[in-house]
Amino acid sequence: MLFNSFSYALFLPLVFILYWLPLMKSRRGEWQNLVLLVASYAFYGAWDWRFALLIAFTSLSSYLTALRIDGSEGAARKRWAALNIAVNLGILAYFKYAGFFVDSFVALLSLLGWKGTPPALHIILPVGISFYTFQALGYTIDVYRGRTRPSRNPLRFFAFVSFFPQLVAGPIERAERLLPQFDTRRGFDYGKAVEGLCLILWGLSLKLLLADRVAVYVDAAWKGVDGLAGVPALLAVLLFAVQLYADFYAYSEIARGSAKLFGMELMVNFRRPYLSTSFKEFWKRWHISLSSWFGDYVYIPLGGNRKGAARRVCNVFIVFLLSGLWHGASWTFVAWGFLCALFMVTLDRPMSRINGFRPLKITLVSGLWALSLILFRAPDFPAAMKMFSAIGFDGFSGLPAYGLGRTELIFACALVLLLALQEVLWERRGGALAAKFLRQPPAVRVLCAVFALLLLVLLGHYGIGNDSRFLYFQF
Amino acid sequence: MVIVLAAGALVALLDARRVFAQEEGNNHTGKRWHYLYKYGKQRKNAIDVLVLGNSHAYTGLLPEVLSQELGRRSFILASQGNRITDSYYMLEEALTVCHPKLLVVETYTIRDYRQRRMTGVDLNCQFQSFENRRNPWLKLKSTPALFSVDNAPYAWSQTLRNHSYLFDNPALVSYNLKHPGAPVYKDKEYLGRFIRFTSGLEAPVLERYRREGPPEDGAAMGVGRDAARSVRKIRALCKKKGIQLMFLTIPMYHEHIARPEALHAHLAPVVGDSPWLDLQDPAYNAIFTPDCFENTYNANQHQTSTGAYKTSLLLARFIRENRL
């Protein structure tokens, strides 16, 4: 079930009504947790019912081992934590990386002269497996470290792991933040619900007006990468950076908005990353839940920046290579991670020594990020190389619209500029702007919302049989 | 809630004014419903023989010839790419305005498909057929059977379905804005035919048959669960309303389809003991001349006007001989 589908538009209000049924008040919110649990499994099972079994297993193993960790001391405690990490990573490795490992191994063997056929693996990649596995892993590690008390109520814990708004593409929540929210009965907050609806509308606008529209151009350009040259290639690269941001940001905002409808708070996952003046800052603003997860559970345990410059560089590379692999089981993603690490360790220091030139720094960071995304988007290295070599500044006059009409391409570019303007304004006066809007009379706010919804209906890029998934679902 | 209702009302208004309507020039399905309702208003038994089907039916039969041969008014209620599930709901609506004595079901609609999982062209055809039906209550009732949750809103709203015209076809949007309201049909009499092909098979295609063999295989043209269920429902409805049911297989060129006997075997259990004129049977060799068939090697081959004429005569004779 996609956030931008009509089935979700039916599903969400239905769950909302059941969740807030006044007759079903339970002191600790068990009814609410039960509704969320059933809804989450239905949501996930709508893709494939077998996926629901997998998440149930992940939840059960994390639930039981956390209790064991809590009840044991010393080496036993460590063993239970290691066991849980092995189980969770094992599941992830099997479903996501088995094919990659086998193919890489076969490629290595063929380099050594072996001639044979690799075994055909028919493993379905469960949607969002990387997200909930990391969330469950974070929980057991936190319990092991004593940062979180283990949940003794299976209903609450299972609802926490499978909470449907953030189940398939994050944000990857920390147990200490989200789990306590399942412990008490949530009271209905009208303001929060309105805020949630606004976030959903904003997310849908980003997805349907912008992300899916530029996706048409990007996909068509990549399909014809062999004949691509000059400005069209450059535009495809830049628009993919916009698409990825708008798409994933949209998902995160709809997730936050949906959660707010149930009185829950999810973390902010994006904070205007394209206004960063360094790569370090960029990663504090982009996919914040994943960056901070890698920071807390990989970078800092490896020593972070406490053990000298060489070790810091090494740790940065480890984190980014793992992050690349987390995004996809392919060497192009690993190379993308390597490039991100390279940018961070080589460019951040020199840039920080130069005062001022903020627009230049922003352009440099965002531009290099967009270039790195060629590896993120490319199906393989040869295609990536073709795209790198195709980029240029000629051929602007005959700019093909690649699947979009010329008017629609201009419209898409205008939307990109609008988004950029909105980001700058929000960066400078975010809170003030929101407060100003909320101070308007209800009639004005309703009119604005109706107008936005109508704009979405008329200008949104959606259609029959549209299976426009969010890009991060594949991870 | 207020916001959603207000936006919904605006979309409904745009739908009512047909701002995003498709080009009406070739909408013969809408024309069929228009005349069916018109005849129904004149008198309930204005149509004696009703033919249900898809493009095979409206290109493969001449209702005027059939009417003349039988002395009974025949009408083709068909829509492009139609499947038997949709045919059932079309029949249900048709029976609210007319009461035929004989129902002829063309068997090309009886295939292996999953109605609610249709995509692409099939789904588009389904939308067109659904849009042209006129009884809102029956349309509402049939929606869950015809469409998935995600496709149902598109079935009901041209605005949701065709809003991309704003970029793709602004000229049509502007035309629709200047010409609101339903299209006007000026024919005095219309019985549902739509002749698309006037010349028959030509040498290159005939040569290709010889070189590559038939593009269709009767053995692969199975009947799915959804289709079988819909035929059962049609049979039950006919029984309830006292309508004689028969089946008709409009043929493709004999070199176009391999193993026609396998197709017959697939359909036989579904057809049951109802009368069935299977013109794909090689015994009807008089019809298998190149001038009777559309000049195509594509899987879905239609008849020409000559073929339709011959088929209509054969059908009329079959109805007469079997006293249907």
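In the predicted model, 22 residues of chain B are in contact with 18 residues of chain A, contact being defined as C-beta atoms, placed from the backbone, within 7 Å. On the side of chain B that touches chain A, at least two residues each come from α1 (2-16), α6 (120-132), α8 (152-156), α9 (158-162) and α10 (165-168) of chain B; helices are DSSP runs of H or I with at least four residues, numbered from the N terminus. The largest share, 6 residues, is supplied by α1(B). By class, this side of chain B has 13 nonpolar, 6 polar and 3 charged residues, where Ala, Val, Leu, Ile, Met, Phe, Trp, Tyr, Cys and Pro count as nonpolar, Asp, Glu, Lys and Arg as charged, and the others, Gly among them, as polar.

Within chain A, helices α2 (residues 30-45) and α3 (residues 49-71) pack at an angle of about 130 degrees, their axes 7 Å apart. Axes are lines fitted to C-alpha atoms over the stretch in contact, and angles run from 0 to 180 degrees between N-to-C directions. A:Y41, A:Y44 and A:G45 of α2(A) meet A:W49, A:F51, A:A52 and A:I55 of α3(A). This contact has 6 nonpolar, 1 polar and no charged residues.

In helix α11 (residues 288-299) of chain A, the buried residues are A:I288, A:S289, A:L290, A:W293 and A:Y299 (buried: 20 or more other C-beta atoms within 10 Å of the residue's own). Their cover includes α5 (129-145), α10 (279-285) and α12 (309-327) of chain A.

Residues are numbered from 1 along each chain as its sequence is written, and chains are lettered from A and ligands numbered from 1 in the order in which they are written. As the model is predicted, local features need pLDDT of at least 70 and side-chain atom pairs count only at pLDDT 80 or more, whereas totals for chains, interfaces and linings use all residues.

Notes
Contact = placed C-beta atoms within 7 Å. Buried ≥ 20, exposed ≤ 12 C-beta atoms within 10 Å, placed from the backbone.
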